[in-house]
Amino acid sequence: MSDTHEETIRFVRDSMLPQQEPPATSTGVIGWGRKNLFSTPLNAVVTVLSLALIYYVLSGILPWVFQSVWVADSLAECREIFLERWGSTEGHACWAVINERWLQLLFGFYPSELYWRPILAFILLLVAVAPVLFPWASNKLLVVTAVFPFVMPWLLWGGTIWTPLLVAAGFAFLYFGPKHGSEAVGSLAAVIISVVAALIWWMFIVGPLSGLLSGIVPIGLEPVDSRNFGGFMLSILIGVVAIGCSLPIGVVLALGRQSDLLIVKAICVGFIEFIRGVPLITLLFVASTLLNIFMPPGTNFDIILRVMIMVTLFASAYMAEVIRGGLAALPKGQYEGADSLGLDYWQAQRLVIMPQALKISIPGIVSTFIGVFKDTTLVSIIGLLDPIGLTNSIRADAAWNGIYWELFAFIALLFFIFCFSMSRYSMYLERRLKTDHR
Amino acid sequence: MKKSVFLGALTVAGLAAGAAAAATVDDVKSRGKLNCGVSTGVPGFAAPDANGEWQGFDVAVCRAVAAAVLGDPTAVEFVPTTGKTRFTALASGEIDMLARNTTWTFSRDADLKFTFVGVNYYDGQGFMVPKELGVTSAKELDGATVCIQTGTTTELNLADYFRVNNISYEPVPIETNAEAQQQYLAGACDVYTTDASGLAATRATFEAPGDHVILPEIISKEPLGPLVRHGDDEWGDIVRWTLNALIAAEEYGVTSANLADLSSAPTDNPEINRLLGTEGNLGEMIGLDGDWALKAIGVAGNYGEIFEKNIGESTPIGLARGLNAQWTNGGLIYSPPFR
Amino acid sequence: MTTLTDPPKETFRLSMLIYDTRYRSITIQVVAMIGFMLFAAWLISNTAENLATLGKPIDFGFFSEPAGYDINQMLIEYQNQDTHLRAAFVGLLNTLLVAVLGCVTATVIGVLVGVLRLSPNWLIARIMTVYVEMFRNVPVLLWIVLAMAILIESLPAPSAFRGDEPEATMKLFGSVALTNRGVYVPEPLFSRSLGNMHLFGESGLRFDVSLDLIAFLLVLGLSIFAARKISARANAIQEDTGVRPKTWHINLGVIVLPTLILLVLLGFHLGYPELKGFNFQGGTHLRNSLIALWLALSLYTAAFIAEIVRGGIMAISAGQTEAAGALGLRPRRIMSLVVLPQALRVIIPPLISNYLNLTKNSSLAIAVGYMDITGTLGGITMNQTGRELECVLLLMLVYLCISLTISAVMNWYNNRVKLVER
């Protein structure tokens, strides 16, 4: 045994070998592919099948998208160009219809010289929500948020500037009344008086007064009827109005649902479950056929306002559930802490509970918004000219009769861009809130 | 009776509180706009163009009424309505008149309480089939799949016709003309049935119109015309006689070309004089200016001109006058005398 | 919320209704109640007044009048001379049909996609992500319309099957025809049929139940019951002796044999679709409108379910998977035995609301002309009779009942699988 050992040449390595590259099969593209695409035979089969699927889909879609006509006056002209260039009318997109009608799909029948107004309103909307949604936005922007609800209707519908100003003034009653009146008449009476005063102000004084003021100082924008609203502007508008108005209603409903007051709770639960139990389309039927019957004789909202009312009710039921989720997610210690500070119910809600609950609910609110925004397409069924409704009108034009995929592809793409970016944002927010909490 | 509503106060500008029952014409005048219900889109009859301007045969009636009442053919708010929403919109006062290929039927008049003021297009339900099927009569359609536009009288007519002739069929209900056309062209149904005018208009836009035939059977009477609410006869009269003025203008040879000449001074024809307000006070009787008919005809000419411009044989729609020719030419279009 | 201890000897004053927390809640509730009643009364009086002006008092009499229109898709017998009530009932069954089909397929696809999104295969995970994002972020109405358009444009018309050298042929040995009017599949026929059972006499709700189907289900149910008994006995033996007797062949026989015997007794055979005249005749016709709606609703909802499933799986801590791996379970068994059962508790509550959404979204059927209850009661019936109030309220009531039933059933199930916390 030992002999053999003695005869072997002794060797001790005295210098390190240079580090070697890992085998080519486990690095770079190949390694990544082996690990992620072909790790098992089954995976390999799945990968190949997927590639085939992707090829099949893209080979169908890409030529259609890119071998297309952008400039033409009618579908017939498109077809002529197809024949001339590619020898067949199949498998080519006639984007000329989008080229001609994209403004209509975006703004509906809004007067084209006034397009700056919805665009400005949209930009203001982004500025207004920024301080709520993005931590880096300056809190000074909250001023825009406060002003926005009054500016937006004015920008879109036009009319005299006095009406939004006076309506805003009504909120001053609500704000200053309880603050200064509570010493004189007691807090509850002050609240009731200021609410009543604000209601009277809005219902009976704003109208005549703004008429009077605009007679004296006629500052205003050219009025635009809501019937001229259409396209994506209408979808966004209905979505934004519904979410904006449903937020306060949702808060009240959520609190009502959580409260110990049996009757209040029953009313709130009944409302929420009723709205959540019926499809939006039936509520839109109510808007289009029944709402005028429910109102006092002689009242007449136009259909877009009626739709906004019903979609707001619809959204507030969902909003209530989102906020209830936020309330439930708050640790019980917050409620107890507020109680132990001697805060009464409303103070506790206003100063401790709601700010936190709303913050937790923001992702939920954003998803509700996405849902409502997508659901606004349903208004086409009751004859409003949202993007889908407009496709019918466009196809009724003799020039574009028979066109199909191009319009729907364009609409789907726009919806996708809007909703996808919002859902990405909501995910980002969720991640951020998570780290905040732990 | 003017009631504001709290919600309305918040949403300020769009609120249109107005009277529903009382004089529509006063409402229209004080509003300065005519609210006219049209369809969401039927080729040749009503469709918005690229600038958002509504065009079409039904639209022309709205414009004529607006011109007669307000003196301005552009003072019209077009309210697109679906088969479902049109009657409610009219009943609730949201629109002042409905000019949306709507068939005049007994129950719509008596039960739904609308007044049809006249007929601007005599239509009938027909069938279109691909030529290659070799069908020559609707009676050969046993077992066929039929595309129908829902929300109209067509589905009732169809059910009646097939039941009476004791043949079977499979209905495919479809919401809009555009969808129906797509399904028909792809062969998802053998037959497309709707008003004959719609069939002709649809066929005209096909890639190969010659491959499709419209069967000879017309299975229903579809007098299409504008309608207003029951209970406001003054307003009904205005719409009725505006339509009649357009029709009468064609009969008397008043066109947009000679309108200015004929109205500048009384002519030999007293009917024309009364129509154009150079003689008598017909305008006053319905509470409008003396030259109301002049303004109405001035928008797009007389009935015949409107027909030719929107759906006539020179347009892609290419409809012949047929039943809709003047009674003097063997058609049904007939205006009571202006006297 | 807060409970204060008030000095005991105070007598009742009116202001205590507001300032005393003991009475305040009662005051608020009474005020709320009165407000609610006033609001309801206001609505009702407005409605009554308006209806009187329109001359249309509430009247459900139209339900017993002949509907006059035809419905292509029906689960029960219906002719155009049947009543509006019958038409509404046909629509209701159609709604339920597409809702049930949709929920089942949406769950299957959703779970599959949710699991695949976590797949180690990069490509498949990406494809699933693209699918989920595409469907979640485009309105369902668009998907329904597009699904219909794809079916219509990509499948051959029945006329393509005609002639000596047809452009299209029937699939699966000539038994299934895929056309752009729908799919025709063989239908089960019984030459010695037991006939039908007539329910509800001659009323609008009458309907026939096939006794063959009942017999089939009965026998199948009994055999499965028996098979489970055998398995239970096998388990007991395994507990006792540690050796599990082979049962699968017995079970198979117990389930298959009686069913087969029954089918032979009833003279079961398939009726194949055949091209006659304009259309295929015979067989079961799954209409395009149904398929498009079903497909679009399930794919749309499945995208949401996939996210829920993925969330549920990711909520299970990695330790569970690792522990299961340490026990030597294979990845697929880890998923089915350890992860999914636990994830189910997280998954079910949002799943319920997705089922509800699918059912409610089925009301978009009118976009493709599928005659569900919105299409019959809320569509043609409403349109022909002009009874908007009655139709819309009834329609809402029907959907409310369906929704409440689904919630009740699913909540009951949720309570069963819920972890009993200690």
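**Notes on a predicted model: chains A, B and C**

1. Is A:Ile403 buried or exposed? A residue is called buried if 20 or more other C-beta atoms lie within 10 Å of its own. A:Ile403 has 25 C-beta neighbours inside 10 Å, so A:Ile403 counts as buried.

2. Which residues does A:Ile403 touch, leaving aside its neighbours within four places in sequence? The contacts are A:Leu75, A:Cys94, A:Val97 and A:Arg395.

3. Now turn to chain B. Its domain assignment gives domain 1, made of 19-122 and 224-329, and domain 2, covering 125-220. The C-alpha centres of these two domains of chain B lie 30 Å apart. Where they meet, 15 residues of domain 1 are in contact with 12 residues of domain 2. On the domain 1 side, the touching residues divide into 7 nonpolar, 7 polar and 1 charged.

4. Chain B also meets chain C, in a contact that takes 31 residues from chain B and 30 from chain C. Several elements of chain B each supply at least two residues to its side, including helix H4 (86-91), strand S9 (144-149) and helix H6 (154-164). Which element gives the most to this side of chain B? It is S10(B), with 5 residues. By type, the chain B side divides into 13 nonpolar, 9 polar and 9 charged residues.

5. Finally, a word on confidence in chain B. The average pLDDT is 85, and 93% of the residues score at least 70. Confidence is highest in strand S5 (residues 97-98), at 94, and lowest in helix H1 (residues 6-10), at a mean of 36. Over residues 1-21 of chain B, pLDDT stays under 50, and the model has 59 contacts beyond four places in sequence for them. Where pLDDT is low, the predicted coordinates should not be read in detail.

Methods
Residues are numbered from 1 along each chain as its sequence is written. Chains are lettered from A and ligands numbered from 1 in the order in which they are written. This is a predicted model: local features need pLDDT of at least 70, side-chain atom pairs count only at pLDDT 80 or more; totals for chains, interfaces and linings use all residues. Domain bounds come from an automatic or database domain assignment. Two residues are in contact if their C-beta atoms, placed from the backbone, lie within 7 Å. Ala, Val, Leu, Ile, Met, Phe, Trp, Tyr, Cys and Pro count as nonpolar, Asp, Glu, Lys and Arg as charged, and the others, Gly among them, as polar. Helices (H or I, at least four residues) and strands (E, at least two) are DSSP runs, numbered from the N terminus. A residue is buried if 20 or more other C-beta atoms lie within 10 Å of its own, exposed if 12 or fewer, and partly exposed in between; C-beta atoms are placed from the backbone. pLDDT is the predictor's confidence in each residue, from 0 to 100.
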